[in-house]
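Open the model in your viewer and keep the selection panel at hand.

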Amino acid sequence: MVADVVAQLYKAVGGSLKALRDRSRPEDCTPGPTFSTHHLTVDADLAVDGLLLDFKSTRATRTLRQAEAWQLAGYLLLDTEDRYRIDTVGLYLTRSGTFASWPVEEYLELLGACRRDLSVFRAAFTELIEGCTSDGVPQGTEEEEDVRRLLQRLAPVADPGHCKVCTQPCPDSGRRPREFCSSWCRTRAQVLQRRGLLPGGPVPLLPAPRKERLDLPGDAEIVSLTARILR
């Protein structure tokens, strides 16, 4: 374990991270940048002159997991006051020494984001968090209806001539106007409609209530658990 950590430190001395270090001034660097709302406070790894950089020590050095992609997007959207003036997001993989970054517009496009105007996107994201606690499950029918109405109101609507999925302009067509900008968006629309994430689809799905843990005395010890199969 010690040798593994030392190897990662030596790898960070040179390579792509060194290039970033050489072209950055100390006053432009913010370690552990924080982002806050009324309901949560999170911190990223590093903000450097418009670049939001997250460090990952994962052994999977050839793939970007969905959770990691959403994590970067979340940091970007939580900077509601544009404090760090983020124009690029990136990842540094400490075990492989890989440094990957994307301009914000390109990153949102890769994620298939429906909104590209950051100020509008951030405002909608903040309203969602403030109106629906991020780690809470709605309690009761009335609260569930409030959440559904919030999701429906915040759902972006494409203007005429724009893709129903990503809301970007559709290519010109010599025949009838196109509804989607690409075959990928056409396929993705079916999934989004089933989940209630497109206007005109079903009511948005809400998370199922979490199961309560067993309420055991402090001195209790679980010897074994047996699953019961219902036929």
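Accessible areas here come from the Shrake-Rupley method with a 1.4 Å probe; for residues, only the protein chains shown count as cover. On that basis the protein chain exposes about 16200 Å², and carbon and sulfur atoms supply 52% of this area.

This is a predicted model, in which local features need pLDDT of at least 70 and side-chain atom pairs count only at pLDDT 80 or more, while totals for chains, interfaces and linings use all residues. Residues are numbered from 1 along each chain as its sequence is written, and side-chain values use heavy atoms, with hydrogens and water left out.

Colour by secondary structure next. The protein chain has seven helices and seven strands, taken as DSSP runs (helices H or I, at least four residues; strands E, at least two) and numbered from the N terminus. Their order from the N terminus is α-α-β-β-β-β-β-α-β-β-α-α-α-α.

Now select the buried residues (under 20% relative accessible area, 1.4 Å probe, protein chains only). They make up 30% of the 231 residues.

Which residues touch the most other members of the largest nonpolar core? Select Phe35, Leu52, Ile86, Val89 and Tyr107, out of 23 residues in that core. A nonpolar core is a set of buried Ala, Val, Leu, Ile, Met, Phe, Trp, Tyr and Cys residues joined through side-chain atoms within 4.5 Å. At least two residues come from each of α3 (66-78), β6 (88-93), α4 (104-110) and α5 (118-131); α3 gives the most, with seven.

Centre on Tyr107. Beyond its neighbours within four places in sequence, Tyr107 is in contact (heavy atoms within 4.5 Å) with Glu68, Ala69, Leu72, Ala73, Val89 and Trp102.

Finally, select Cys163, Phe180, Cys185 and Leu192, which are among the nine residues of a second, separate core.

Technical notes. Buried means under 20% relative accessible area, exposed over 50%, partly exposed in between (1.4 Å probe, protein chains only).
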